[in-house]
Number of protein chains: 2
Amino acid sequence: MNIVFTFRPPREIQADLEKSFPEESFFFYKTIEEAEVLSEAEILVTFGNDLTSERINTCASLKWVMVASAGIEEMPLKTIKERDLLVTNARGIHKIPMAEFTFGFMLNHVKRFAELRALEQAEVWNKQLPLQELAGKEVAILGTGAIGQEIARLAKAFRMKTTGVNKMGQLVQDFDQVFQMDQLETAVGKADFIVAVLPSTPETIGLLQPHHFEAMKEEAAFINIGRGNLVSEVVLLSAVNDNEISHAYLDVFSVEPLPPAHPFWRHPSITVTPHISSITKQYVPRAIEIFKHNLRCFIDGGEYENVIDLDKGY
Amino acid sequence: MNIVFTFRPPREIQADLEKSFPEESFFFYKTIEEAEVLSEAEILVTFGNDLTSERINTCASLKWVMVASAGIEEMPLKTIKERDLLVTNARGIHKIPMAEFTFGFMLNHVKRFAELRALEQAEVWNKQLPLQELAGKEVAILGTGAIGQEIARLAKAFRMKTTGVNKMGQLVQDFDQVFQMDQLETAVGKADFIVAVLPSTPETIGLLQPHHFEAMKEEAAFINIGRGNLVSEVVLLSAVNDNEISHAYLDVFSVEPLPPAHPFWRHPSITVTPHISSITKQYVPRAIEIFKHNLRCFIDGGEYENVIDLDKGY
């Protein structure tokens, strides 16, 4: 069976795969453009942003696409559905780094590390900077899946109050309360932090509207580590410029990379990071663990992990 | 009874004290120099750094010194002992802000927020910055009291390994293992973070020696939020300059404020913050809660909180 990777995992992972599945033929390419045997692939392992309908249609024997990331919005889902392909992703491997990154943002906010660093660079000893605590503060988490739950779990450890928002409002572990999506305005009203970890789906694009930011506390900080198109750039800029919120921490954007000279880069109330919250050394090894489990199922039968429902889009 | 404060709590706290103890006479001064009725004080409430033997000896009726901080090393302990005064402090109120601050340092370290901020200021989108995770890393905590335990508790929530160091090596909750002080070299050898939360006592002054830093991993980060005199400046500078460790995060110093032009300020492998880890808006209210409990005991009897053992120094 031909298994084609359109990215190159570290050498030891390649060797481990070949040793674990000696019957199969693995082909590791740096990019999909270099993948000479693409048309003979039965299994395709990709980061998900290099597939087109044309490319998929050249793969006559393709049965399964493993996406080594979480978002599948850049994939030609219509073609994939027509071809009745199995699609799995790496959902779940992001929760640890993304939750840690979120607490990095939150602690930088309450402990004013940017200002502390500026004082340090100016060699100024100033004990008067009013630091705050996470303890006792409330975080509203939009999205209560694996990542949202990990953030809520850590928030409880930090003695915070946790509010969740999901489609039906069903209660989830480590959340003090959960609101339905149509109660978003109420859900964010008392929060000190609003953290968005929503995927990009027809329902979430442009979900956050001006009245949601107006409902937030002036001192609240908005953190988006999900998808940039959750809120339009114009709405977000107005929210910070009109002091509806105190700061926006953004790891994701409507257009990535964020273009040079974009107003977000130098805005004093906006922090920009390069869609990096989920990326750590542990990323590929963890995605490959899921792939190995599913490959075993593909060969011998068993229950797949992380099968994508193509109608729902996640 | 005359209760003299050498700092001014917020107005609502003053009002609450006067309402809660209507029989007593409270005097609130901005500094000890302004405290006109100092000599008539029976109870003195201070941050602990404004007392001298002379001042104490002018207070003929003094029975109790409440220190609204944790460190008592700047107090004239010999005179206090001779006078047989009760001394209590605000031990325990520091654990939440100091543990949070420690995780701010640790997350800034693994998530490279200083570099991310430099990239942002240069408007450069770089996803290649190799971020790390706290999960799976080991933290060695020197001191397993209230603050050390709170750090260990959060470390377990972050899926870290926790090593403690205390006098006798007795196991404490949320620590995977605890070493005796004389096994310090072994204790720090596998740690990714070494966090010092020790008080200043004859045993801890200059405790960390060059061989301890040599025993640490090259990629380890050293965090000191306890007392600056735990390690001499020369030893610490050598440790970072010789790459015995990768970074030192320092909130405390042998001489505070850290003098202008001191080599720590601009050292690329040293981060300086102004002894601020414990200071938040919640500080004075929490200290006053302890004081109120003890004042009730002073009047009606009962068990005091946080009595200082003047022989041990904590």
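Colleague: How should I read the relation between chain A and chain B, and what rotation and shift superpose chain A on chain B?

Modeller: In general, two copies of a chain are related by a rotation about an axis and a shift along it. In this predicted model, chain A is superposed on chain B by a rotation of 180° with 0.0 Å of shift along the axis, at an RMSD of 0.0 Å. That is the relation of a two-fold axis.

Colleague: Through which surface do the copies meet?

Modeller: Of the interface residues of chain A, 100% are also interface residues in chain B, so the copies meet through the same surface.

Colleague: How many residues does the contact take from each chain, and which elements of chain A give two or more residues to it?

Modeller: The size of an interface is often given as the accessible area lost when the parts come together, but here the description is by residues. The contact takes 41 residues from chain A and 41 residues from chain B. On the side of chain A that touches chain B, the elements giving two or more residues are H4, helix H5 (113–121), helix H6 (146–157) and strand E12 (270–272) of chain A. The largest share of that side, nine residues, comes from H4(A). By class, the side of chain A that touches chain B has 24 nonpolar, nine polar and eight charged residues.

Colleague: At what angle do the axes of helix H4 of chain A and helix H4 of chain B cross?

Modeller: The axes of H4(A) and H4(B), each spanning residues 95–111, come within 9 Å and cross at roughly 125°. That makes H4(A) oblique to H4(B), because an angle has to be over 145 degrees to count as roughly antiparallel and from 65 to 115 to count as roughly perpendicular. The crossing in which H4(A) passes H4(B) is left-handed.

Colleague: Which residues make the contact of H4(A) with H4(B)?

Modeller: From H4(A) come Glu100(A), Phe101(A), Phe103(A), Gly104(A), Leu107(A), Asn108(A) and Lys111(A), and from H4(B) come Glu100(B), Phe101(B), Phe103(B), Gly104(B), Leu107(B), Asn108(B) and Lys111(B). By class, this contact has six nonpolar, four polar and four charged residues.

Colleague: How do H4(A) and H6(A) cross within chain A?

Modeller: The axes of H4(A) and H6(A) come within 9 Å and cross at roughly 50°; the two helices are therefore oblique to each other, and their crossing is right-handed. In this contact Lys95(A), Ile96(A), Met98(A), Ala99(A), Thr102(A) and Phe103(A) of H4(A) meet Ala146(A), Ile147(A), Glu150(A), Ile151(A) and Leu154(A) of H6(A). By class, the residues of the contact of H4(A) with H6(A) divide into eight nonpolar, one polar and two charged. Phe103(A) is also one of the residues that H4(A) brings to its contact with H4(B).

Colleague: What is found for H4(B) and H6(B) in chain B?

Modeller: In chain B, the axes of H4(B) and H6(B) come within 9 Å and cross at roughly 50°, which makes H4(B) oblique to H6(B), and H4(B) passes H6(B) in a right-handed crossing.

Colleague: Turning to the backbone, is the peptide bond from Glu256(A) to Pro257(A) cis or trans?

Modeller: Most residues other than glycine have a negative phi, and most peptide bonds are trans. The bond from Glu256(A) to Pro257(A) is cis, with omega near -5°, and Pro257(A) is found in the loop between strand E11 (247–250) and helix H10 (263–266) of chain A. The bond from Glu256(B) to Pro257(B) is likewise cis, with omega near -5°, while Pro257(B) lies in the loop between strand E11 (247–250) and strand E12 (270–272) of chain B.

Colleague: What is phi of Ala261(B), and what is phi of Glu123(B)?

Modeller: Ala261(B), in the loop between E11 and E12 of chain B, has a positive phi near 65° although it is a residue other than glycine. Ala261(B) is exposed, with 8 other C-beta atoms within 10 Å. Glu123(B), not a glycine, has a positive phi of about 55° and lies in the loop between helix H5 (113–121) and strand E6 (138–142) of chain B. Glu123(B) counts as partly exposed, with 15 C-beta neighbours inside 10 Å.

Conventions. Residues are numbered from 1 along each chain as its sequence is written. Chains are lettered from A and ligands numbered from 1 in the order in which they are written. This is a predicted model: local features need pLDDT of at least 70, side-chain atom pairs count only at pLDDT 80 or more; totals for chains, interfaces and linings use all residues. Axes are lines fitted to C-alpha atoms, for helices over the stretch in contact, and angles run from 0 to 180 degrees between N-to-C directions. Helices (H or I, at least four residues) and strands (E, at least two) are DSSP runs, numbered from the N terminus. Angles under 35 degrees count as roughly parallel, over 145 as roughly antiparallel, 65 to 115 as roughly perpendicular and the rest as oblique. A crossing is left-handed if the near helix is turned anticlockwise from the far one by less than a right angle, and right-handed if clockwise. Two residues are in contact if their C-beta atoms, placed from the backbone, lie within 7 Å. Ala, Val, Leu, Ile, Met, Phe, Trp, Tyr, Cys and Pro count as nonpolar, Asp, Glu, Lys and Arg as charged, and the others, Gly among them, as polar. Copies are superposed by least squares on the C-alpha atoms of residues with pLDDT of at least 70 in both. A residue is buried if 20 or more other C-beta atoms lie within 10 Å of its own, exposed if 12 or fewer, and partly exposed in between; C-beta atoms are placed from the backbone.
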